[in-house]
Amino acid sequence: MLHPITLSFFWEEIKNKISSLELTLLSLKNDQRTAAEVRREIAFLNNIISLQEELAAKANAIELLAQESQSIEDKEMLELLKQEEGSLLFEYNEKLGLFENKVFYTNDSAERSAFLEIRAGAGGQEASLFVADLARMYTMYGQKRGWDVSVSDASQTEVGGFREIVLHIQGKNVFEYLNFEGGVHRVQRVPATESAGRVHTSTVTIAVLPEMEEVEINIDPKDLRIDTYRASGAGGQHVNKTDSAVRITHLPTNLVVTCQDERSQHKNRAKAMKILQARLFALEKEKSDSALSQMRKDMVSSADRSEKIRTYNYPQNRVTDHRSNITLNQLDFIMNGDMDSLLSHLLQEAKKNKIVHPYLVAFFKK
């Protein structure tokens, strides 16, 4: 992997680039979309410089401790110095990992929050129940990672499942971890309604969309039809008395987004707009990027059982990811949000395909 010294030749050039971008930003008062992109690039380059400076300071401290150890004869003092050196080395390697993850990346949305759209596929009511189970799994996983998880929209069934549910997961690097989840998920288990004890197979489809900033997708208000209505489901008297739920239709694409989880119509409208922006962004990327287009088509496939990316086998307490050929007998832990053992394999595979971040490519080409 890349060592910080590899970039040390470019520090002055990177600092000059930051100064140039800051001047450019002053001339973009009327172009908020471009200004947002410039601010992101400035923040990224400043973070790279900051990480390198921290690494250089720790490397220098490690070298000084190593030199000091050579002149110490007292065994207890020597042991203390070795422990301090080991602690600094651990911190250095941890920072180096962060540095490498900044310089190399798997996609341009890795650091974003995301919307997770989970829909029932084949299997009727049992599929809707598994939608609820997966929503719970991702919610618990997000909470363990310190992310904020909320329900943006949901269509509940009479048996307590969901035809579909949209989770809004906010936090650092949400999309990097969860973009692997897009596709068909198959479940094999005995449904609660099955009296004969037979194992049924059902499917659920998941699409993962990175959250966009408002300035990244320009939406003409004239292209929107916004309807309000009374929310359904839990919520007490408030639900029955106010038209707080919001439905937004994007007329050019016929995309429809609904949101009813907030008590405030204003908050529901704002969240629905974020979902619409994410979906429109995905559509734009499909038109310009054939690889991403294929990825999204895979995510929202027909939910045929043969297209599965993962199988959850309840009788054998087993989860199999068919892309990485990994099988874990930890279904009970995974369904309770302990997903790191499963996702770590996919993250490792993704790291093998990392490329230099676009903001740094120009420096490497010189």
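Which residue forms a salt bridge with Arg119, and how many Å apart are the closest N and O atoms? In this predicted model, in which local features need pLDDT of at least 70 and side-chain atom pairs count only at pLDDT 80 or more, totals for chains, interfaces and linings use all residues. Residues are numbered from 1 along each chain as its sequence is written, and side-chain values use heavy atoms, with hydrogens and water left out.

The partner of Arg119 is Glu164, and the closest N and O atoms of this salt bridge are 3.3 Å apart, where a salt bridge is a side-chain nitrogen of Lys or Arg within 4 Å of a carboxyl oxygen of Asp or Glu. Arg119 lies in strand 2 and Glu164 in strand 4, so the pair ties together parts that are 45 residues apart in sequence. Arg119 is partly exposed, with a relative accessible area of 25%, and Glu164 is partly exposed with a value of 29%; here buried means under 20% relative accessible area, exposed means over 50%, and partly exposed lies in between, computed with a 1.4 Å probe on protein chains only. Arg119 and Glu164 also belong to a network of salt bridges that includes Glu117 and Arg279.

The protein chain as a whole has eleven helices and 13 strands, which are DSSP runs numbered from the N terminus, with helices (H or I) of at least four residues and strands (E) of at least two. Of its 366 residues, 44% count as buried. Among contacts with a separation of 6 or more, 65% are accounted for by residues 24 or more positions apart, contact meaning heavy atoms within 4.5 Å.

Eight strands form an open sheet of mixed pairing, in the order 3-4-2-6-5-10-11-12, and two strands are taken to pair if DSSP finds at least two bridges between them. Strand 3 (148–156) and strand 12 are the edge strands, each of which pairs on one side only. Neighbouring strands of this sheet are turned by 20 degrees against each other on average, direction ignored; the axes are lines fitted to C-alpha atoms, for helices over the stretch in contact, and angles run from 0 to 180 degrees between N-to-C directions. Within this sheet, strand 5 and strand 10 pair in the parallel sense over five bridges, and Val187 stands opposite Tyr312 in strand 10.

A further open sheet consists of three strands in the order 7-8-9, with antiparallel pairing. Strand 7 (224–229) and strand 9 (255–259) stand at its edges with a single partner strand each, so one side of each is left without a neighbour in the sheet. Strand 7 and strand 8 (residues 245–250) pair over six bridges in the antiparallel sense, and Arg225 has Thr249 in strand 8 as its bridge partner.

In soluble globular proteins, nonpolar side chains tend to be buried together. The largest nonpolar core has 39 residues, and those with the most contacts inside it are Ile118, Leu134, Tyr138, Leu167, Leu178 and Tyr312; such a core is a set of buried Ala, Val, Leu, Ile, Met, Phe, Trp, Tyr and Cys residues joined through side-chain atoms within 4.5 Å. The largest share of this core, eight residues, comes from helix 4. Leaving aside its neighbours within four places in sequence, Ile118 is in contact with residues including Val131, Leu134, Tyr138, Leu167 and Ile206. Apart from this core lies another, of 27 residues, among them Trp11, Ala35, Val38 and Leu55.

A search of the whole structure finds 16 salt bridges. One of them joins Glu54 and Lys95, with the closest N and O atoms 2.9 Å apart; this pair links helix 2 (residues 32–70), which holds Glu54, to helix 3 (residues 75–103), which holds Lys95, across 41 residues. Glu54 is partly exposed at 30% relative accessible area, and Lys95 counts as partly exposed at 22%. Glu181 forms a salt bridge with Arg310, the closest N and O atoms being 2.6 Å apart, and both residues are buried. Glu181 lies in the loop between helix 5 and strand 5 (183–189), whereas Arg310 lies in strand 10 (residues 308–313), 129 residues apart.
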